[in-house]
Amino acid sequence: MRLHEYQAKNIFSRYGIPIPKGRIANSAGEVKQIAEELGGRAVIKAQVLAGGRGKLGGIRLSKTAQEAEELATQILSMDLKGLPVRRVLVDEIVSFNKEIYLGITNDRVERKPVIIGSGTGGVDIEEVARENPEKIVKIYLDAPFGLHDFQTRELAIGIDLPRELWKSFNLICKSLWKVFKENDAAIAEINPLVITHNGELMALDGKMVVDDNSLFRHPELVEIRDLDAEEPVEVEARKYGLSYIKMNGNIGCMVNGAGLAMATLDLIKANGGEPSNFLDIGGGANADKVSTAIRIICADPSVKVILVNIFGGITRCDEVAKGIIAATKVMKDNVPLIIRLAGTNAEQGMQILENTSLHTAQNLEDAAKMAVKFSRRAKK
Ligand code: GDP
Ligand code: MN
């Protein structure tokens with residue numbers, strides 16, 4: 001679950017991280033009023049669940065309340081990376097001398113949380129990481145021990161932070177670690193953390209991603225989840241208990257079990273294809289769930305072929321086959337389906353699929369090869 005900037009900053013602030021004064025607004029009229037309270041000068045920020053808003057024109061500065069209203073009207077009619085802007089954050093304008101990047105995430109290779117800092121933060125941090133990786137400082141943490149003073153000092157030195165700011169930087173790093181840990185975050189990030197003209201540190205932007213698997217113990221986060229702002233197919237999939245993640249290729253995948261789904265994606269890649277999604281339909285899926293899954297895969301217009309890979313354990317292959325037949329009746333385009341069934345009731349499943357236009361494969365390797373072939377044919 002990804003939080004909006006204003007939500008992340010509210011949480012940061014509760015943990016003692018300084019943020020600018022400001023409020024969320026639903027309309028240009030509200031923006032005008034908030035800007036008036038702030039003395040006219042304000043920064044108006046599109047609240048969408050995507051980064052890089054500044055470069056896309058989603059962040060604008062106003063000099064008067066009137067101008068704030070006009071800018072808000074523009075921003076509220078925008079789409080950023082396909083996501084409509086429904087609300088804007090109106091913050092006081094903060095003047096600064098320097099933009100710092102500060103973030104905490106989990107490093108899967110090291111199997112540890114890592115705190116990352118850079119003295120060249122701001123909107124081009126991805127470019128810095130690519131072209132000047134030496135300007136990015138990483139310090140690995142031992143989760144049970146948390147973040148030590150010597151580590152935040154090492155970070156401060158690494159990013160050339162003026163000595164008089166070390167103390168407040170230490171407190172901000174510690175607070176960010178607490179935010180990360182107590183909220184089961186996958187990412188807690190401040191970019192930019194600025195050194196203001198008054199020589200203080202302040203978080204101007206906030207990003208937080210919380211592990212979905214931990215939401216059962218964070219009812220307060222579930223409460224503020226903004227489903228309207230998320231990828232609609234992913235929301236739809238979650239409603240049916242399907243784990244769907246959109247990818248960039250054209251081979252749709254429907255698999256039971258996360259491990260088998262990963263292996264299927266690998267096999268597609270190994271054969272030169274590109275998957276359009278990850279989808280785990282879970283154990284014991286019935287026909288209804290299967291046909292919903294196919295509908296969700298087809299909602300992505302780039303899908304040229306669908307690969308179904310089921311290893312029946314609790315899941316019964318005949319039930320899956322029924323779901324597939326049901327789904328093909330309502331599918332609008334003629335997207336070919338390639339089906340590999342193994343395990344519980346696989347034979348009954350294959351019988352159901354006989355005498356249909358669906359393609360069946362004897363094993364996973366063949367299924368993947370066929371899918372890649374179909375995806376190429378469709379491209380021409
Ligand atoms: P992002 O583009 O989605 O990461 O949005 P940010 O909130 O990080 O804003 C992008 C850039 O806008 C920042 O790096 C700053 O340079 C600038 N910016 C954001 N807030 C303020 C502000 O209050 N005052 C000033 N002067 N610039 C700001
Ligand atoms: Mn930012």
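Buried residues are those under 20% relative accessible area, exposed ones are over 50%, and partly exposed ones lie in between, with a 1.4 Å probe and protein chains only.

## Basis of the report

This is a predicted model in which local features need pLDDT of at least 70 and side-chain atom pairs count only at pLDDT 80 or more, whereas totals for chains, interfaces and linings use all residues. Residues are numbered from 1 along each chain as its sequence is written, chains are lettered from A and ligands numbered from 1 in the order in which they are written, and side-chain values use heavy atoms, with hydrogens and water left out.

## Helix α8 and its cover

Helices (H or I, at least four residues) and strands (E, at least two) are DSSP runs numbered from the N terminus. Helix α8 spans residues 232-239 and has Val233, Val235 and Ala237 buried. The cover over these buried residues includes β13 (243-246) and α10 (287-298). Just after α8, glycine 241 adopts a positive phi of about 75°.

A cis peptide bond, with omega about 15°, joins asparagine 191 to proline 192. Proline 192 is placed in strand β10.

## Nonpolar cores

A nonpolar core is a set of buried Ala, Val, Leu, Ile, Met, Phe, Trp, Tyr and Cys residues joined through side-chain atoms within 4.5 Å. The largest has 38 residues, and those with the most contacts inside it are Leu102, Ile115, Leu161, Phe169, Ile190 and Met208. Elements giving two or more residues to this core include α1 (5-14), β7 (96-107), β10 and β12. The most comes from α6, with eight residues.

Contact means heavy atoms within 4.5 Å. Setting aside residues up to four places away in sequence, methionine 208 touches residues including Met1, Leu3, Phe12, Val179 and Ile187. Another core, of 31 residues, lies apart from the largest one and has Ala237, Ile281, Ile324 and Leu341 among its members.

## The surroundings of aspartate 300

Aspartate 300 lies in the loop between α10 and β16 (305-312). This residue is buried, with a relative accessible area of 7%. Beyond its neighbours within four places in sequence, aspartate 300 is in contact with Tyr244, Lys246, Met247 and Ser276.

A polar contact is a pair of N or O atoms within 3.5 Å; within protein, one must be able to donate a hydrogen and the other to accept it, and residues adjacent in sequence count only if both atoms are side-chain atoms. Such a contact, of 2.9 Å, joins the side chains of aspartate 300 and lysine 246. These two residues are 54 residues apart in sequence and 8.6 Å apart in space, C-alpha to C-alpha. A polar contact of 2.6 Å joins the side chains of aspartate 300 and serine 302.
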